[in-house]
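Let's take a walk through this structure together, one piece at a time. Keep the picture open as you read.

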Number of protein chains: 2
Amino acid sequence: MIRVLLVHDECLVRSVLAEWLRREPDLAVFDASWRAAPGRVRTLRPEVCAADLDCADAVGIPPLADLRGTGGPAPGLLVLAHAGRPGLLKRAAEAGALGYVDKEGSPQRLVSAIREVARGRRFVDDSLGFGFLKAAEMPLTRRELSVLSLAAEGASVAEIAGSLHLSHGTVRNYMAAITRKTGARNRIDAIRISQGEGWL
Amino acid sequence: MIRVLLVHDECLVRSVLAEWLRREPDLAVFDASWRAAPGRVRTLRPEVCAADLDCADAVGIPPLADLRGTGGPAPGLLVLAHAGRPGLLKRAAEAGALGYVDKEGSPQRLVSAIREVARGRRFVDDSLGFGFLKAAEMPLTRRELSVLSLAAEGASVAEIAGSLHLSHGTVRNYMAAITRKTGARNRIDAIRISQGEGWL
């Protein structure tokens, strides 16, 4: 039996998906919200974590690293993803995800992906290819992303400067670089574009 | 048989939910993305449209009015909603939705809601109550929302003024009022708050 922890922030969808997966005789399926997932990983020690990349928390960035558990082998990470949010695909790749299932595809792909990831094999839906290409082209540096994340939370230039130990002028320079590199018209546009791509 | 059109923008989730609903002997279940839904309403003439309020289009506001169809009785509208996005609940109420199912609840509630809405009865999950309360307290006027929506798309003050046939000063006054009324620190914060509440 493959022990699978399904991570999704909508209880209704999660319940139905888990029930659907339980029809497979080789899967033992558990489910959790993103908030509860790290605790469940520790107690259940699943072979596979199948996690929806949409996360309901304030920032909307799923804490993928928290699914690794502590001690013992980490579960194989599989993500339910969307080609239109390349930043999240990039985060999943950085977190060592083995499986990438397109939410625009058939649910049967999820079952195949779980079995592959349980064997330690990579599984990538072809339809996510364009998303990976865009992820590779993500124009912002890690520092620029930190500045933009704070701005997106409503922080002023002074607050960003204080948080990151930078001068006001440096923060303004970063914001100008971000606006230029994202092809945005202004800061708000840069935030909109970056959120749409899943970089923030 | 109750003809149900399930509207959801994630194909994988939509397929599994539709399959799950089809186990009910009194339901004939069809499914569509938001983009395809208006056409399906016209051809299928469902008694109930069960629509996820999360919509993948650029603005993220579901075109609820397009689910009414043309000619003949409109389908009963049921929405899958989240108490944390009161603006979307308000839009659903304005569009005449009869059913409100909390995505944080049990999927069985969805089945009950479909049957109630098919009989022309209202169905509201208790857990959405706080969301409705917050929706009633939405502080922005329709005009302020238009200004903020354009700003959130990255438009400059000059572009907003041009689109809405207002002076630059008037747009600045609206933005100041919006920032004050949402309790925001600045424009970006006002957009963040309003998007989080589902007003934009």
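A contact here means heavy atoms within 4.5 Å, and helices (H or I, at least four residues) and strands (E, at least two) are DSSP runs, numbered from the N terminus. What you see is a predicted model, in which local features need pLDDT of at least 70, side-chain atom pairs count only at pLDDT 80 or more, and totals for chains, interfaces and linings use all residues. Residues are numbered from 1 along each chain as its sequence is written, chains are lettered from A and ligands numbered from 1 in the order in which they are written, and side-chain values use heavy atoms, with hydrogens and water left out.

With that in hand, have a look at helix 3 of chain B. The buried residues of this helix pack against strand 4 (76-81), strand 5 and helix 5 (129-136) of chain B. Which residues of helix 3 of chain B are buried? In this helix, which covers residues 86-94, they are B:Pro86, B:Gly87, B:Leu88, B:Leu89 and B:Ala92. "Buried" stands for under 20% relative accessible area, "exposed" for over 50%, and "partly exposed" for what falls in between (1.4 Å probe, protein chains only). After helix 3 of chain B comes B:Gly96, with a positive phi near 85°.

Now zoom out to chain A as a whole. Its secondary structure comes to nine helices and six strands, and its C-alpha trace spans about 60 × 35 × 30 Å along the principal axes. Of the 200 residues in chain A, 52% are buried. Take the contacts in chain A with a separation of 6 or more: 64% of them are between residues 24 or more positions apart.

Chain A also splits into parts. The domain assignment gives domain 1 (2-135) and domain 2 (142-196); such bounds come from an automatic or database domain assignment. Four residues from domain 1 of chain A and four residues from domain 2 of chain A make up the contact. The centres of these two domains, taken over C-alpha atoms, are 30 Å apart. Between them, domain 1 and domain 2 of chain A bury about 230 Å², with 24% of that on carbon and sulfur atoms. Buried area, by the way, is the accessible area (1.4 Å probe) that two parts lose on being put together, summed over both.

How many salt bridges are there between domain 1 and domain 2 of chain A? The count is zero, where a salt bridge is a side-chain nitrogen of Lys or Arg within 4 Å of a carboxyl oxygen of Asp or Glu. One residue pair is in polar contact across this interface, both residues at pLDDT 80 or more. A polar contact is a pair of N or O atoms within 3.5 Å; within protein, one must be able to donate a hydrogen and the other to accept it, and residues adjacent in sequence count only if both atoms are side-chain atoms.

Next, see how the chains meet. Here 36 residues of chain B are in contact with 36 residues of chain A. The two chains bury about 2,700 Å² between them, and carbon and sulfur atoms give 59% of it. On the chain B side, B:Leu12, B:Val16 and B:Ile188 lose the most area to chain A, together 24% of what that side buries. Six salt bridges are counted between chain B and chain A. The side chains of B:Glu159 and A:Arg185 also meet in a salt bridge, at 3.2 Å from N to O. Several elements give two or more residues to the side of chain B that touches chain A, including helix 4 (107-118) and helix 6 (142-152) of chain B. Helix 1 of chain B gives the most, with eight residues.

Most residues other than glycine have a negative phi, and most peptide bonds are trans. A:His165 has a positive phi of about 55° although it is not a glycine, and this residue is found in the loop between helix 7 (157-164) and helix 8 of chain A. B:His165 likewise has a positive phi of about 55°, and lies in the loop between helix 7 and helix 8 of chain B. Is A:His165 buried or exposed? A:His165 is exposed, because its relative accessible area is 73%. In helix 8 of chain A (residues 168-181) you will find A:Thr170, which is partly exposed at 29%.
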